[in-house]
Amino acid sequence: MKSALRIALAAVATVLAGAASAATIKIGVIGPMSGPFALQGKNFKAGIDAYFALNGEKVGNDTLEVIYRDLPEADPARAKTLAQELIVKDKVQYLGGIYFTPDALAIAPLLEQGNVPLVIFNAATSAITQKSPLIVRTSFTLWQTSATMATVAAEQKVGKVITTVSDYGPGVDAENAFKKTFEAAGGKVVDSIRMPLRTNDFAPIMQRVRDSGADAVFAFLPSGPPTLGYVKAFNDNGLKGKIKFLATGDLTQESDLPALGDAALGLLTTFHYSVAHPSEVNKAFVAAAGKALGNPAELTFPAVGAYDGMYVIAKMIEATSGKQDAAKAVEAVKGLAWESPRGPMKIDPKTRSPIETIYLREVKKEGGKLVNAEIASHPDTPDLGFDQ
Ligand code: PHB
């Protein structure tokens, strides 16, 4: 063969090989895209769009494609069907999203056979990551936020507390974490109320809180209409100023603050993320996610779980050179540390949940806007509930 021809053929072969290795990698994302919790799902999408805007849609030669599936409320059977379809029919290589705990638990048994990792952007019950070695979480756990709030309550010399939580996984974790930590520090939980997930009239709960004789109420409900209803009832039933309000940050998500108005001023919460977190990384994230939402006032924490979730998935793709190897992908991100818009964050190799700063925040008015101002930090908080 003439050498010029040989060189030309070699060049063609190189181009073809390059083309063959450039693939589209599909990521199936399940979340509440419609219904009462639609804003939370919209924030998943905003976080993903912000990730693409700031980091591009490619990992090496591979292009990422996100396939969204709508799961309006906690519905384990539907969650399982959607995940199965994404794995089998759409051939996704990764699963992400998941707002509610029961949906994460329903999907866990599908992952090993499907050879697909699940990166949880929100669901926050500690037990979830123990249900499959292929689950990694980029949000927080209720043990992190609730135990930290109990420490704060003890430091502030609060004596008697009544706990009020939604009656399902994360609520039970919140109640246990608060009670165990608070009583170990010398406080007393005088009563514990578990509210059905569908509760929307909180006046009777407020009556019980008032009658309990507690100095403070501790609360967890899943962010969305229930949290807005609960905080409004706390204010409307005259508890503000009489009983101290201590809650996880789910209760004062930024998108609810305008509706709560000045009545929200002074509310104390513990959480992993505030839109007001003062850092350059967060500033860039807030700008990109706000743009993706169209209305920046809608920005709330599921967006940061999704943004960091995409970062983790990109690292998994890098480590596996785009090949489908779920175990290797998960192994590669154990111990991964980076600066998130929330602050420093690391995937704990043991729990596969974040080790991160849990902030004490107070609702304040800054520049005419209600914000969750970070007033104290509890750095390097692991998922304290993993072994409970
Ligand atoms: C959950 O179901 O795990 C969950 C949902 C919403 C939250 C926190 C936890 O705000």
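Does threonine 270 count as buried or exposed, and what is its relative accessibility? In this predicted model, threonine 270 comes out at 0% relative accessibility, so it counts as buried; the cut-off for that label is under 20%. The residue sits in strand β11, which runs over residues 268–271.

Next comes the empty space inside the protein. Rolling a probe the size of a water molecule over the atoms shows where such space is left. A search of the whole structure turns up one cavity of 30 Å³ or more, and the volume of the largest cavity is about 100 Å³. Its lining is made up of 15 residues, and the ones nearest the centre are Tyr99, Asn122, Tyr168, Phe220 and Pro222. Sorted by class, the lining of this largest cavity has eleven nonpolar residues, three polar ones and one charged one. As for where it sits, the largest cavity lies between domain 1 (12–140 + 278–352) and domain 2 (143–271 + 358–381), because both domains give residues to its lining.

Lysine 91 is not a glycine, yet it has a positive phi of about 55°. Its place is the loop between α3 (76–88) and β4 (94–97), and with 59% relative accessibility it counts as exposed. Aspartate 380 likewise has a positive phi, near 55°, in a residue other than glycine. Aspartate 380, though, is found in a strand, β15, which covers residues 369–381. At 59% relative accessibility, aspartate 380 counts as exposed.

That leaves asparagine 176, a residue of helix α7 (residues 169–184). Here the relative accessibility is 35%, so asparagine 176 counts as partly exposed, a label for values between the 20% and 50% cut-offs.

How values were computed. Residues are numbered from 1 along each chain as its sequence is written. This is a predicted model: local features need pLDDT of at least 70, side-chain atom pairs count only at pLDDT 80 or more; totals for chains, interfaces and linings use all residues. Side-chain values use heavy atoms; hydrogens and water are left out. Helices (H or I, at least four residues) and strands (E, at least two) are DSSP runs, numbered from the N terminus. Buried means under 20% relative accessible area, exposed over 50%, partly exposed in between (1.4 Å probe, protein chains only). On a 1 Å grid over the protein atoms alone, a cavity is a set of points where a 1.4 Å probe fits but cannot get out, and a pocket is an open set with protein on both sides within 12 Å along at least five of seven lines; lining residues have an atom within 4 Å of a point. Grid points are joined across faces, edges and corners, and a volume is the space filled by probe spheres set on the points. Ala, Val, Leu, Ile, Met, Phe, Trp, Tyr, Cys and Pro count as nonpolar, Asp, Glu, Lys and Arg as charged, and the others, Gly among them, as polar. Domain bounds come from an automatic or database domain assignment.
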